[in-house]
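Please view the sequence and the model first.

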Amino acid sequence: MNNILYLVLPCYNEEAVLNETASQLLAIMTAMMERGMISNKSKIMFINDGSKDHTWEIIESLHKQNPIFSGVCLSRNKGHQNALLAGLMTAKEYADITISLDADLQDDINIIEKMIVKYQQGNEIVYGVRSARKKDTLFKKTTAKCFYKFMKLLGVDIVFNHADYRLMSKTALKALSQFEEVNLFLRGIVPLIGFQSTTVEYERNKRFAGQSKYPLSKMLAFAFDGITSFSIKPIRMITSLGVLIFLISLIALIVFLILKYTGFTVGGWTSIVASIWMIGGIQLLSLGIIGEYIGKIYNETKRRPRYIISKMILQKEDQTII
């Protein structure tokens, strides 16, 4: 029996690209159905993450044209990771396998078949991994490499050069549903699931149309969330730094006492002022990092829903759920 495949695409203000994305994905899905690679019950599911443009209207229109297109509309913008999770958890009830990808056609959709082949070979999770970053700016290329290396240094199990383009089986999705944290960083959570996994390499394309929804500020915030959600080493580093400064201060105190009792005077305020500013800066930075962890604990204890679905369009076995 052929597997039911659901493509899950989070969307935020994607009206400029949505029709083209739907057209290209429909061609690939139709071809795989005709070859018997996937079930004819497979779907392309768009997740509207509180878009302010006509994204949801386009999704509704696509569904009327062809029931292969389905949609989930969140009550408000909850961010890419929450929208993606909403789609995966919805698809989990109907699909045998899901593939999550961006709606802007930057992820190479031509490797979808390769992912399915890897699944058929026994892999429960297949990661789409970028083979190169030729189209990235030098700044983005450098910061991305530093981020992945830093995450590895902190002991986080993360797939290098992997975003959120991945295949997951129903078994893997059921395991993912057991992770209940509010602070989502799926790139770090999915490897924790375990199961047999592999990778498929691809080259990321330029955005087909519209503007990027991840400016520098959001990228930095996302990276910092990933670091603080999966490692307490930053706090341990603060402790180590505090011990080091304490030892240095003891040595400096001994030196100053020796200078005083041997008749030497310490002239100038440069060293004193520099020390005060340095220690003050370290203290503020340390408080900020600790505050970030406390804030995450606060959010987790409230147990607020990660997303709320306001509408859903899904035709299954000649029934339409709206």
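Strands (E, at least two residues) and helices (H or I, at least four) are DSSP runs, numbered from the N terminus. Residues are numbered from 1 along each chain as its sequence is written. Because the model is predicted, local features need pLDDT of at least 70 and side-chain atom pairs count only at pLDDT 80 or more, while totals for chains, interfaces and linings use all residues; side-chain values use heavy atoms, without hydrogens and water.

Strand 1 and strand 4 pair in the parallel sense over 4 bridges; pairing requires that DSSP finds at least two bridges between two strands. Strand 1 also pairs with strand 2 in the parallel sense, over 6 bridges, and Y6 stands opposite K43 in strand 2. Between strand 1 and strand 2 the chain passes through helix 1 (residues 18-34), and this β-α-β crossover is right-handed, that is, with the strands pointing away from the viewer, the path from the first strand over the helix to the second runs clockwise.

Strand 1 is largely enclosed by the rest of the structure, because 7 of its 7 residues are buried (under 20% relative accessible area; exposed is over 50% and partly exposed in between, with a 1.4 Å probe and protein chains only). L5, L7, L9 and C11 point one way from the strand, whereas Y6, V8 and P10 point the other way.

## Aromatic pairs

The structure holds 3 aromatic pairs. Rings of Phe, Tyr and Trp (its six-membered ring) pair if their centres lie within 6.5 Å; planes under 30 degrees apart count as stacked, over 60 as edge-to-face and the rest as tilted.

Y6 in strand 1 (residues 5-11) and Y94, in the loop between helix 3 (80-91) and strand 4 (97-100), are 88 residues apart, so the pair links distant parts of the chain. Y6 is buried, with a relative accessible area of 2%. The other pair also links distant parts of the chain: F46 lies in strand 2 (residues 43-48) and F69 in strand 3 (residues 69-74), 23 residues apart. F46 is buried at 0% relative accessibility, and F69 is buried at 4%.
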